[in-house]
Amino acid sequence: MSILIAEDTAFQRDYLRQLIATELTSEHALLEAEDGCQAVEVCLRSRPALIVMDIKLPKLNGIKAAKAIWNEVPLSRIVFWTQYKDEAYLRELGKIVPGETVYGYVLKNSPDDKLTQALRAVLLDEQCWIDRDVRGIQSRAGSREAGLTDVEYEALIDISLGLTDKTIARRRYLSERGVQNRLRELYTKLQVDIEQVADPKLGHTYNPRGRAMLMALKRGLINADELAEEDEKLKRWLAVEVGFKSKDER
Amino acid sequence: MNPAPQDLIDGMLNFVSLAEDERKLLAAELHDELLCDLREASLMTRRLLEDEHTELRAETRSHLAGIIEGLEQAANEARRIMENLRPSVLDSFGLRPALEAALRRAAACSVPPLLPRLCINVTEEELEALSEEEQLAVYRIVQEALTNAGKHARARSIALSLCKDDEQLLVQVSDDGSGLPSSLVSEQSRGMENMRFRAQLIRATLCWRAGDGGAAGARGGTVVELRLDLKRKTG
């Protein structure tokens, strides 16, 4: 297995190589590409387990390279490592990332441990990892005390509002796989999985979404007022989103 | 206004594309040089702060943390200027995402924030069929129109609509403010002049009119309308 570093400055390639070797893994061979075309070539030939992709690349930019790679190998896991901070990047990436894979997005100015976290999440935990500096991530002190991360709390809100996986993916710029994996983490933390009773005739007795809400209510992680407020936020988001949804359906 | 002769248009187009190339170069330098250096400085300061072998006084620690914060602010500012010089979203994703991003930025940046409305009834293929000059001109004109809309008094929402009308691309930027106040007209005249100039170069028509509550569901307000042939005739 290998990891591909697609980055045009030698200095930053060295930085990544060193960080990956010391903080992530020494088992993977490290491959390098200096432009987008090379990145696509190497990916199709070597099928790396992870790709760290700069966006501003010569010949073919990192987004177009990612599109070409995902076209051929939809399971490719890509962590974008970039100076671009506009939320539009997440919005558009969320639309082109294949549902069955996960991806990451980290700003280049981030401290080492943030980049390490992102690489680990995508490579080892199969989770989407999105820099909170690029999009505001909701957080709530109470949920953190209960052991939920901010993104898990966000997932809890989303299922409490009755959103489907697809809609959560669009709203939070994730892939569907990313949503499912995040929900699985949430169910584990809320102990929905431990409670699950399997019956030979009925199969699983609980729908985990509804059950997770009950557990969260019991622990005071959500309440009616809060959800009403969240519902308003959701409506505002939908108001803007509906504009291009009708276009997508054309 | 009489249409400008073709050789004059060509000359001006050439001039504008040189200016855009220059901006692109500047943006690339900000990205490759300044942002790189800021990142370096920030990493080094962090390492100093996190080094277990160096004993630092509390005061020094807080100074270092302040430096990191300052560097981050400088990087954000450099990113903003970079995006202004050359819309990277346009290069990375294309015209529709770039326009959408400009709309959302303008809505979020005005005080108080405006509600953005987006209505797109042309395909991405149709938009991508426009030449690079046309795409950039449409983007710059819309960007300026959005900035102006944000300044209109009492606007609550801002709308961007793209549709096909008789083989033409019709781009409308509308707000539901109190129209163009005379004081702003003079202040904006340079921006408006720029927009007209850019429109002329791509043989598009541009006009301002009072809103009719159409695209934006607005109650008055101002509409900026740009029309551009989708099927370009050669020569």
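A residue counts as buried when its relative accessible area is under 20%, and as exposed when that area is over 50%. The exercises below apply this to a predicted model.

**Exercise 1.** Determine whether A:Tyr103 is buried or exposed, and describe how the ring of A:Tyr103 is placed against that of A:Phe80.

*Solution.* Begin with accessibility: A:Tyr103 has a relative accessibility of 0%, and therefore counts as buried. A:Phe80, also at a relative accessible area of 0%, is buried. Next, take the geometry of the two rings, whose centres are 6.5 Å apart and whose planes stand at 75 degrees, an edge-to-face arrangement. Finally, place the residues in the chain: A:Phe80 belongs to strand β4 of chain A and A:Tyr103 to strand β5 (residues 103-107) of chain A, so the pair ties together parts that lie 23 residues apart in sequence. Both residues also belong to one aromatic cluster, together with A:Trp70 and A:Tyr105.

**Exercise 2.** Classify the pair formed by the rings of A:Tyr84 and A:Tyr89.

*Solution.* The ring centres are 5.1 Å apart and the planes make an angle of 10 degrees, so this pair is stacked; the cut-off for stacking is an angle under 30 degrees. As for accessibility, A:Tyr84 is buried with a relative accessible area of 9%, while A:Tyr89, at 0%, counts as buried as well.

**Exercise 3.** Check the length of helix α1 (residues 10-24) of chain A, and work out how its buried residues are arranged around the axis.

*Solution.* With 1.5 Å a residue, the 15 residues of this helix should span 21 Å, and the end C-alpha atoms, being 20 Å apart, agree with that expectation. The buried residues of α1(A) include A:Tyr15, A:Leu16, A:Leu19 and A:Ile20. Viewed down the axis of α1(A), the buried residues fall within an arc of 160 degrees, so they line one face of the helix. On the other side of α1(A), A:Gln18 and A:Thr22 are exposed. The cover over the buried residues of α1(A) includes β1 (2-6) and α5 (112-123) of chain A, and also α1 (6-50) of chain B.

**Exercise 4.** Give the order of the strands in the sheet of chain B, and identify its edge strands.

*Solution.* The open sheet consists of 5 strands in the order β1-β2-β3-β5-β4 (chain B), with mixed pairing. Its edge strands are β1 (115-121) and β4 (205-210) of chain B, each of which pairs on one side only.

Definitions and conventions: Residues are numbered from 1 along each chain as its sequence is written. Chains are lettered from A and ligands numbered from 1 in the order in which they are written. This is a predicted model: local features need pLDDT of at least 70, side-chain atom pairs count only at pLDDT 80 or more; totals for chains, interfaces and linings use all residues. Side-chain values use heavy atoms; hydrogens and water are left out. Two strands pair if DSSP finds at least two bridges between them. Helices (H or I, at least four residues) and strands (E, at least two) are DSSP runs, numbered from the N terminus. The expected span of a helix is 1.5 Å times one less than its number of residues. Buried means under 20% relative accessible area, exposed over 50%, partly exposed in between (1.4 Å probe, protein chains only). The arc is that of the directions from the helix axis to the C-beta atoms. Contact means heavy atoms within 4.5 Å. Rings of Phe, Tyr and Trp (its six-membered ring) pair if their centres lie within 6.5 Å; planes under 30 degrees apart count as stacked, over 60 as edge-to-face and the rest as tilted.
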